[in-house]
Amino acid sequence: MDSIIILIYVYMFLIGMCVASFMNVVIDRVPRGENFVSGRSRCDSCGKVIAWYDLIPIASYLVLRGRCRYCHSKIPVRGFFIEIFGGLSGVFCFYRFGFSIETILMFVIAMILLAITMIDFDTMIIPDGLNIAMLLVSIVLMYVRHMSLLESIIGMFCISVPMILLNVLIAESFGGGDIKLMFVSGIALGWKYSLLAAFIGILLAGSYSIYLLVSKKIDKKGHIAFGPYLSIGIFIALSYGSEIISWYLNLMM
C-alpha cells in the first residue's frame, strides 16, 4: 500500500509540473493578447522554434543548463521554479484531500491562482478570463463541499463590497481584478473563509509594503500588486480554513 501511495505522489508531481509548464505559456501570452492554446513556443532572444524535447518540464532546463540550445541566451529561471511549484502543488493537494474530487478542484484552483499571481506581478492586472475560470471552479467546489447558497452569496459580497466602497472613499485602493477575484472566490469560500482569506492577504501585503517603505524601494504613494497576496490567502483558507478558525477561537477562549 505504501508503494502505491508513493507512486501516486510521483504521478501527482509529474502531472503538476506538466500543467504548470502549460501555465507558463498562459502567464507569458495572455498579457500580450496572444493565443495560448496553439502556436509553437519560440526563444525570446533568437526567435527559433523550440523543439519538443527542449520543452520537457524541469528536465529540459537542467539538460540545457538554463540556456537556449541555439543562441545560448539565458532562459528565465522563473519558468523552472513555476514547474517545480506545480509539481509540489499536485503532491500537496493529494496529501491534503486524498482520493477525492477536491484534490482535482483544489489543484486547478492552485494553478489559476498561480497564473493570477504571476500576471499581476508582471502587469498589475488580473485578466477577466482567469477570474471567470475561478468562478466556474468555485461553483463546482461549492457543490462538492455542500455549502449553502446563502453562505456562498454572503461570501461573494462580504469582502468585494467593502473593497468597492473603500475605492469610492480612496481612489485606486484596490484594482478591479482584485475585487472580482474576491467576488468569484467567495462562492467557494463562504463568508467565514472569505474574511480569513482577506485577512491573510492584507497581512501579507501590509508586511511586504512596510518592508518596501523601510527599505525605500517604494514611496507612500506607490502601489503593489495585491492579487498575489489575496491568492495566497484564498488557497490557505480553502485548504486549512476550518483548522485556522478553530485554532483562533480556542486561543481567544
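The structure is a predicted model, in which local features need pLDDT of at least 70 and side-chain atom pairs count only at pLDDT 80 or more, while totals for chains, interfaces and linings use all residues. Residues are numbered from 1 along each chain as its sequence is written, and side-chain values use heavy atoms, with hydrogens and water left out.

A nonpolar core is a set of buried Ala, Val, Leu, Ile, Met, Phe, Trp, Tyr and Cys residues joined through side-chain atoms within 4.5 Å. Buried means under 20% relative accessible area, exposed means over 50%, and partly exposed lies in between (1.4 Å probe, protein chains only). The largest nonpolar core holds 47 residues. Within this core, Ile109 and Ile234 touch the most other members. Two or more residues each are given to this core by helix 1 (2-29), helix 3 (77-97), helix 4 (101-123), helix 5 (128-144), helix 8 (176-214) and helix 9 (227-252). Helix 4 supplies the largest share of the core, 13 residues. Helices (H or I, at least four residues) and strands (E, at least two) are DSSP runs, numbered from the N terminus. In soluble globular proteins, nonpolar side chains tend to be buried together.

The contacts of Ile234 were listed without residues up to four places away in sequence. Contact means heavy atoms within 4.5 Å. On that basis, Ile234 touches Leu113, Met134, Leu181, Met182, Ser185, Leu189 and Ala197.

Leu136 lies in helix 5. Leu136 is exposed, with a relative accessible area of 52%. Leu136 and Gly86 are 50 residues apart in sequence. Their C-alpha atoms are 21 Å apart in space.

Open space was then examined on a 1 Å grid over the protein atoms alone. A cavity is a set of points where a 1.4 Å probe fits but cannot get out. A pocket is an open set with protein on both sides within 12 Å along at least five of seven lines, and lining residues have an atom within 4 Å of a point. Grid points are joined across faces, edges and corners, and a volume is the space filled by probe spheres set on the points. The largest pocket has a volume of about 1100 Å³. Its lining comprises 41 residues. Asn24, Ser41, Ile50, Leu55 and Ile75 lie nearest the pocket centre. Helix 1, helix 2 (59-63) and helix 3 each give two or more residues to the lining. The largest share of the lining, 8 residues, comes from helix 1. By residue class, the lining divides into 20 nonpolar, 8 polar and 13 charged residues. Here Ala, Val, Leu, Ile, Met, Phe, Trp, Tyr, Cys and Pro count as nonpolar, Asp, Glu, Lys and Arg as charged, and the others, Gly among them, as polar.

Asn24 is placed in helix 1. At 18% relative accessibility, Asn24 counts as buried. Beyond four places in sequence, Asn24 touches Gly79, Ile82 and Glu83.

Phe80 is found in helix 3. Phe80 is buried, with a relative accessible area of 13%. Ile58, Tyr61 and Leu62 are touched by Phe80, not counting residues up to four places away in sequence. Phe80 and Tyr53 are 27 residues apart in sequence and 15 Å apart in space, C-alpha to C-alpha.

Ile58 sits in the loop between helix 1 and helix 2. Ile58 is also buried, at 14% relative accessible area. Phi of Ile58 is near 65°, a positive value in a residue other than glycine. Phi of His146, likewise a residue other than glycine, is positive and near 55°. His146 lies in the loop between helix 5 and helix 6 (149-157). His146 is exposed, with a relative accessible area of 73%.

A disulfide is a pair of cysteine sulfur atoms within 2.5 Å. By this rule the count comes to 0 disulfides. Cys71 is in no disulfide, and the nearest cysteine sulfur, that of Cys68, is 3.7 Å away. Cys68 is buried, at 8% relative accessible area, whereas Cys71 is partly exposed, at 30%. Cys71 is placed in the loop between helix 2 and helix 3. Cys71 touches Cys43, Ser45 and Cys46, not counting residues up to four places away in sequence. Cys71 and Ile101 are 30 residues apart in sequence and 44 Å apart in space, C-alpha to C-alpha.
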